[in-house]
Amino acid sequence: MNSIVRDYLAYAFANTSRLAKQLNRESLTPVVAMWQEDNYLVIATCDGYRQHEFRLLMFHDDGKSPTLLYERVLAFSPVAIAAAARAFYEQLGENDLLHIDYDDDQTTVSLTAPSITINLKATESQHRDHIRRFAATFTEIERPDVIKVNTKELLAALPKPRRNNERMYMLVHFHGNTWQAGMQPELKNWQPIEHNGVFSADDVQGAPDCKLNVQMLREALEVAERYHPFAECTIALTKRNEAVLVHASVGKVLDFRAYIMPIVKIQR
């Protein structure tokens with residue numbers, strides 16, 4: 001039977017269920033998608049502007065390579081995923097192991113520990129295929145511009161959007177080894193604010209130049225800090241207006257990826 005660490009799984013469930021509910025497209029129903037890549041269980045969702053993916057290492061009881069979902073991509077209701085996360089937090093210790101199994105006939109994922117059993121029933125969803133396709137597409141994109149960041153320090157330096165207009169229009173402009181926060185309520189109306197900083201030249205590869213929504217970036221960095229305050233974290237950009245990758249890992253146990261759509265390139 002496959003096992004997975006409770007703390008990693010519960011937080012992945014809580015984060016993706018919350019993000020999934022922000023999807024605002026009438027043609028799509030919010031879901032949390034799940035699939036397997038090698039020995040990792042991937043839990044992911046997308047709200048239309050960003051995608052969060054958690055890759056969690058599965059341990060097989062007899063030391064063999066875990067086989068769980070094969071080639072299947074499953075979709076689950078964010079409400080059910082959020083309820084499972086709450087139950088794990090309430091009834092299990094953070095380092096407890098959950099056994100995970102999949103009933104192929106019933107399309108049900110079972111999560112069990114000595115004090116709890118939760119069965120998650122998969123649902124039909126067109127959106128799950130979008131999420132899986134986006135994940136594959138993002139992996140194939142070359143990102144030559146990379147900034148290595150200290151997650152804790154960057155979070156402390158970035159401003160905290162508090163009002164709705166700040167959550168929408170507060171951006172951070174990465175340019176070379178510098179960053180500058182500002183408000184941009186209109187395309188050509190960039191208003192720098194007092195928050196800015198410089199990265200060590202050794203931590204910057206290529207020539208980064210893009211703007212990201214501060215709130216979305218903070219939420220991705222907060223995930224990385226939550227798992228490990230000193231986990232290696234990178235922000236990787238393309239030369240085109242494609243999704244920016246915020247990537248953090250904790251050894252081989254966990255790999256977190258957030259893909260955030262940038263605001264338009266700076267026009268010079």
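Strand E4 (residues 50-57) is mostly covered in this predicted model, with 8 of its 8 residues buried (under 20% relative accessible area with a 1.4 Å probe and protein chains only; exposed is over 50% and partly exposed lies in between). Helices (H or I, at least four residues) and strands (E, at least two) are DSSP runs, numbered from the N terminus. In a regular strand the side chains alternate between the two faces of the sheet. Arg50, His52, Phe54 and Leu56 point one way from E4, whereas Gln51, Glu53, Arg55 and Leu57 point the other way, and all are buried. Residues are numbered from 1 along each chain as its sequence is written.

Two strands are taken to pair if DSSP finds at least two bridges between them. Strand E3 (residues 40-46) runs antiparallel to E4 and is joined to E4 by 7 bridges, with Val42 opposite Arg55. The hairpin of E3 and E4 has 3 residues between the strands, and Gly48 there adopts a positive phi near 100°. E4 also pairs with strand E18 (residues 254-260) in the antiparallel sense, over 7 bridges; Ile260 in E18 is the bridge partner of Arg50.

An open sheet of 5 strands has the order E5-E1-E7-E8-E9, with antiparallel pairing. Its edge strands, E5 (59-60) and E9 (116-121), each pair on one side only. Strands E1 (residues 2-5) and E7 (residues 97-103) share 4 bridges, and Ile4 stands opposite Leu98 in E7.

Terms used:
This is a predicted model: local features need pLDDT of at least 70, side-chain atom pairs count only at pLDDT 80 or more; totals for chains, interfaces and linings use all residues. Side-chain values use heavy atoms; hydrogens and water are left out.
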